[in-house]
Amino acid sequence: RIWRGRVRRQRADEYEAYNYEVGIKPLIEKALGVQTFRENREHESEFMTISYWESVEAMARFTGGDPNRIHHLPRDAEFLIELPESVQVLRILSSAGRTG
């Protein structure tokens, strides 16, 4: 499950801290794994959160029905340049590499 959002560069540090406390910490308790990314550009920063789930049904339980349903944080409208309308749901077909 992949979520993306863009923030004006001057508020990116503030959003990063807010997003972690309010969005990522609770997600860590429910998903199998969570990764967060940030790309700084000239005038904006893009954030991406990838969460891993045991099944589409588990995602649906988290979102209240539709696994593609987006869950906005209370202050997202204050920070984000535009509110994302959806998330991307992908299935892992293969995975390789060292984990330790």
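Where does alanine 31 sit in this chain? It's in the loop between helix 1 (12–30) and strand 2 (33–40), with helices (H or I, at least four residues) and strands (E, at least two) taken as DSSP runs numbered from the N terminus.

Quick housekeeping before I go on. What we have is a predicted model, where local features need pLDDT of at least 70 and side-chain atom pairs count only at pLDDT 80 or more, while totals for chains, interfaces and linings use all residues. Residues are numbered from 1 along each chain as its sequence is written, and side-chain values use heavy atoms, with hydrogens and water left out.

Okay, the overall picture. The chain has 3 helices and 3 strands, and the order along the sequence is β-α-β-β-α-α. Its C-alpha trace spans about 35 × 35 × 20 Å along the principal axes.

Leaving out residues up to four places away in sequence, alanine 31 touches Ser51, Tyr52 and Trp53, where a contact is heavy atoms within 4.5 Å. On contacts in general, take the ones in the chain with a separation of 6 or more: 61% of them are between residues 24 or more positions apart.

Now, rings. A search of the whole structure turns up 5 aromatic pairs. The criterion is Phe, Tyr and Trp (its six-membered ring) with centres within 6.5 Å; planes under 30 degrees apart are stacked, over 60 edge-to-face, and the rest tilted. One of the pairs is tyrosine 15 with phenylalanine 47, edge-to-face at 5.3 Å centre to centre and 70° between the planes. Tyrosine 15 is in helix 1 and phenylalanine 47 in strand 3, so this pair ties together parts 32 residues apart in sequence. Both partners are buried: tyrosine 15 at 0% relative accessibility, phenylalanine 47 at 4%. Then there's tryptophan 53 with phenylalanine 62, centres 5.1 Å apart and planes at 35°, so that one is tilted. Here tryptophan 53 is buried at 14%, whereas phenylalanine 62 is partly exposed at 26%. Ring pairs also link Tyr15, Tyr18, Phe47 and Phe79 into a cluster.

On to charges. How many salt bridges does the search find? It finds 13 in the whole structure, counting a side-chain nitrogen of Lys or Arg within 4 Å of a carboxyl oxygen of Asp or Glu. Take arginine 6 and glutamate 82, with their closest N and O atoms 3.2 Å apart. Arginine 6 is in strand 1 (residues 2–8) and glutamate 82 in the segment after helix 3 (76–79), so the bridge ties together parts 76 residues apart in sequence. Glutamate 44 also meets arginine 41, at 2.9 Å, N to O. In that pair glutamate 44 is buried at 17% and arginine 41 is partly exposed at 29%. Through shared partners, salt bridges join Arg6, Glu39, Arg41, Glu44, Glu46 and Glu82 into one network.

Last stop, tyrosine 52, one of the residues alanine 31 touches. Tyrosine 52 belongs to strand 3 (residues 44–52) and is partly exposed at 32%. That's where I'll stop.

Technical notes:
Buried < 20%, exposed > 50% of the residue type's maximum accessible area, 1.4 Å probe, protein only.
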